[in-house]
Amino acid sequence: MATAAAVKEVRQPKPLPAPNSDFYHFAETLSADELAILKKVRAFMESKVAPIINKYWVEDAFPFEVLPAFKELNLGGLGIQGYGCAGGSQLLVGLVAMEMCRFDASIATFFGVHSGLAMGSIAVAGSEEQKQKWLPPMARMEKIGCFGLTEPLVGSGTGGGLTTTAKREGDTWVLNGQKRWIGNAPWCDMSIIWARDLADNQVKGFIVENKTTPGFSVEKMLNKIALKVVQNGQITMKDCRVPEANRLAAGAQSFRDTARVLRGTRYLVAWESTGVQMGAYEHALKYAQERLQFGKPIGSFQLIQDLLTKMLSNTVACQCMVARTAQLADQGKLTDQQAAISKAFTTAKMRETVSWARELLGGNGILVDYNVARFFADAEALYSYEGTYQMQHLIVGKAVTGFSAFI
Ligand SMILES: Cc1cc2nc3c(=O)[nH]c(=O)nc-3n(C[C@H](O)[C@H](O)[C@H](O)COP(=O)(O)OP(=O)(O)OC[C@H]3O[C@@H](n4cnc5c(N)ncnc54)[C@H](O)[C@@H]3O)c2cc1C
């Protein structure tokens, strides 16, 4: 018979808890059908993207090899109803963006630009004919889109200062100007270009076919330190002729309509920023459970547990915030200032969280091989794109005080 001492010797150590940043179980609030979609996205990101993404990040390249499996997810036009789009609730749209970012922010950005910004512009501002023509092939991801608003000399000030011009000549529009930072542009099929109509000085949106429109050229932007997998381009348009049928006719009469598209995608960046925090936290926690110093896992040290709890608290707070914005969006009630405050708050928290994760990994925190460095760097792009922190605060400040501080 074994003695009590011998039994104690063979007892296995209790398995450590698996990292799980969905601390309040938000995924469980989805319907069974939508949860199944989310799980497919997770499996895709885990099996196809996670193993290869660091290599592409280092090489500044887009992983075209994952596109066939991406298309099979049938996510094109998520949140857009009809026209062959994936549809679904705003909570699903958000949770999918968050789940993608939990693994990689570039893949989420590629998809956000195509489905949210490019398809979203057509869904919000296109005519019935335009929706029927463009949305189905984009939903199938046979045609990939980009969104051209920012210019080399006009970033935050696009509301009042676009320099790209549109001049009507009969049934044709002639576009001239440049767009900068445009995600997917170096390789995608079509662009939504925002330009100022010389006749009435209002901003209008145009669908431009990148590969067949004479005068349209794209130069890939080099030497980025964030979202290196996303291919950003500088677009030049020299007397590009676009048919009147390609002008977003139903609801793109002024910059107000551009802002309507951005309202939806800005709060999506809030979801993405929350996902980045989840990924950074989970990598950091796993590392803390495995890395030994002074003969013990660093996760057993009080100060490391403090870092982890701060990361998780930030993440959970952001999850609560974005979940409420999704409810408002589903009810058609999300305002510009509500979208703006969620983008600003979550991106600021994300910067804190990823820097704590990087700190926790010590020297390995600056090596791409350990993943956290990629999250750390990518966070900087999310902090600035789709309207900087300052711009979001000016939107909120104007709404709550009644005074516009925009200059
Ligand atoms: C990775 C990446 C991807 C992008 N993808 C796209 C895309 O697909 N399509 C697209 O159209 N654009 C895209 N952008 C552009 C992005 O939206 C702009 O970078 C952003 O709007 C800020 O513009 P800017 O970089 O010109 O900065 P600026 O406007 O020059 O601002 C510089 C600084 O000044 C501050 N500032 C400016 N004005 C004020 C003011 N009145 N008061 C206080 N502070 C102010 C800003 O907050 C910021 O800190 C992308 C950018 C990045 C980095």
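The bend at a residue is the angle between two fitted axes, one for the seven residues ending there and one for the seven starting there. Helices (DSSP runs of H or I, at least four residues) and strands (runs of E, at least two) are numbered from the N terminus.

## Basis of the report

The model is predicted: local features need pLDDT of at least 70 and side-chain atom pairs count only at pLDDT 80 or more, while totals for chains, interfaces and linings use all residues. Residues are numbered from 1 along each chain as its sequence is written, and side-chain values use heavy atoms, with hydrogens and water left out.

Helix 6 spans residues 105-125 and bends by about 35° at Gly 112. Of its 21 residues, 19 are buried, so helix 6 is mostly covered; buried means under 20% relative accessible area, exposed over 50%, and partly exposed in between, with a 1.4 Å probe and protein chains only.

The N-terminal end of helix 6 is capped by Asp 104, which has a side-chain oxygen 3.2 Å from the backbone nitrogen of Ser 106.

## Helix 9 and its two partners

Helix 9 (residues 255-290) and helix 11 (residues 336-360) have axes that come within 8 Å and cross at roughly 20°. Axes are lines fitted to C-alpha atoms, for helices over the stretch in contact, and angles run from 0 to 180 degrees between N-to-C directions. Helix 9 and helix 11 are therefore roughly parallel to each other; angles under 35 degrees count as roughly parallel, over 145 as roughly antiparallel, 65 to 115 as roughly perpendicular and the rest as oblique. The contact of helix 9 with helix 11 contains 14 nonpolar, seven polar and five charged residues. Here Ala, Val, Leu, Ile, Met, Phe, Trp, Tyr, Cys and Pro count as nonpolar, Asp, Glu, Lys and Arg as charged, and the others, Gly among them, as polar.

The axes of helix 9 and helix 10 (residues 302-330) come within 9 Å, crossing at roughly 155°.

## Positive phi in two loops

Most residues other than glycine have a negative phi. Asn 223, however, has a phi near 70°, a positive value in a residue other than glycine. Asn 223 belongs to the loop between strand 6 (216-220) and strand 7 (232-243), and it is exposed, with a relative accessible area of 72%.

Phe 294 is not a glycine either, yet its phi is positive, at about 50°. The loop between strand 8 (292-293) and strand 9 (296-297) holds Phe 294, which counts as exposed at 79% relative accessibility.

Glu 151 lies in the loop between strand 1 (145-148) and helix 8 (158-161) and counts as buried, at 2% relative accessibility. The side chains of Glu 151 and Thr 163 are joined by a polar contact of 2.6 Å. A polar contact is a pair of N or O atoms within 3.5 Å; within protein, one must be able to donate a hydrogen and the other to accept it, and residues adjacent in sequence count only if both atoms are side-chain atoms.

Arg 358 is located in helix 11 and is partly exposed, with a relative accessible area of 23%. Arg 358 and His 283 are 75 residues apart along the chain, and their C-alpha atoms are separated by 9.8 Å.
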